[in-house]
Each structure stands twice: as C-alpha cells, then as structure tokens.
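Here's a quick walk through this model, starting with the overall fold and ending with the charged pairs. Have a look at it first.

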Amino acid sequence: MDGRRFWGAIELLRGSAGLRIVNELPLEDYVAGTVLGEISEQWGDAVLRAQAIAARTYALHRRAHPRSADFDLRATTADQVYLGIDGET
C-alpha cells in the first residue's frame, strides 16, 4: 500500500490466490481519492468536476456489476487509480 493513507476499513482476505487487501469506504471518499489518480490538478476546476462525475458513475456501475464477491473496483488502471487520502485535493 506504499505508505498511503486511506479512509474507511481495511480488510485482509485470504483466498486460493493468496492475500487480498480490500479498502471499504463511502463512495464520496472513494471519488475524492480517485480524481487525481486519473487526471492532473492543473487541468482546471471544470475538468476536475467532470472527472469526479465520471469516477462516481463508473464506481456505481462496478458496484452494480462486480467482478468479484470480495470487491467492486481495483485501485489500478484496471479500473480507476485510487490514491486514498493523499490523492485528495
């Protein structure tokens, strides 16, 4: 987790593929920690707002159509880059 700070609860799950770390948190905290993982803060307020809408919409879609029973989204480019508290602006 690279020393990053996160909101919510951290769960450690053991499965056949090994250990999985899951961060369970409210949607708006997730969105706040995702925007700067996807775009630059220097692109301006309108772009930041649009990215927040896109991040929220994608997260809600993944919640409705999860790939796993253990989690909704990956914190990487496989879904959206979630940076946690350190990614908030």
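Reading from the N terminus, the elements of the protein chain come in the order β-β-α-α. That makes two strands and two helices, and keep in mind that this is a predicted model.

On overall shape, the radius of gyration is 13 Å, which agrees with the value near 12 Å that a compact globule of 89 residues would have. The C-alpha atoms fill a box of roughly 45 × 30 × 20 Å along the principal axes. As for burial, 29% of the 89 residues count as buried. Among contacts with a separation of 6 or more, 50% are between residues 24 or more positions apart. The accessible surface is about 5,900 Å², and carbon and sulfur atoms account for 53% of that.

Now the charges. The chain has 10 positive and 13 negative ones, with mean positions 5 Å apart. There are five salt bridges in the structure, including these:

| Salt bridge | Closest N and O atoms |
|---|---|
| D70 with R20 | 3.0 Å |
| D79 with R67 | 2.8 Å |
| D79 with R74 | 3.8 Å |

What does the D70 and R20 salt bridge link? It joins distant parts of the chain: R20 sits in strand β2 (residues 18–24), while D70 is in the segment after α2 (45–64), 50 residues apart. D70 is partly exposed at 40% relative accessibility, and R20 is partly exposed at 32%.

D79 is buried, because its relative accessible area is 9%, under the 20% cut-off. Shared partners join R67, R74 and D79 into one salt-bridge network.

Methods: Residues are numbered from 1 along each chain as its sequence is written. This is a predicted model: local features need pLDDT of at least 70, side-chain atom pairs count only at pLDDT 80 or more; totals for chains, interfaces and linings use all residues. Side-chain values use heavy atoms; hydrogens and water are left out. Helices (H or I, at least four residues) and strands (E, at least two) are DSSP runs, numbered from the N terminus. The radius of gyration is taken over C-alpha atoms; the globule rule is 2.2 Å times the number of residues to the power 0.38. Buried means under 20% relative accessible area, exposed over 50%, partly exposed in between (1.4 Å probe, protein chains only). Contact means heavy atoms within 4.5 Å. Accessible areas come from the Shrake-Rupley method with a 1.4 Å probe; for residues, only the protein chains shown count as cover. Lys and Arg count as positive and Asp and Glu as negative; His and the chain ends are not counted. The place of a charge is taken as NZ of Lys, CZ of Arg, CG of Asp or CD of Glu. A salt bridge is a side-chain nitrogen of Lys or Arg within 4 Å of a carboxyl oxygen of Asp or Glu.
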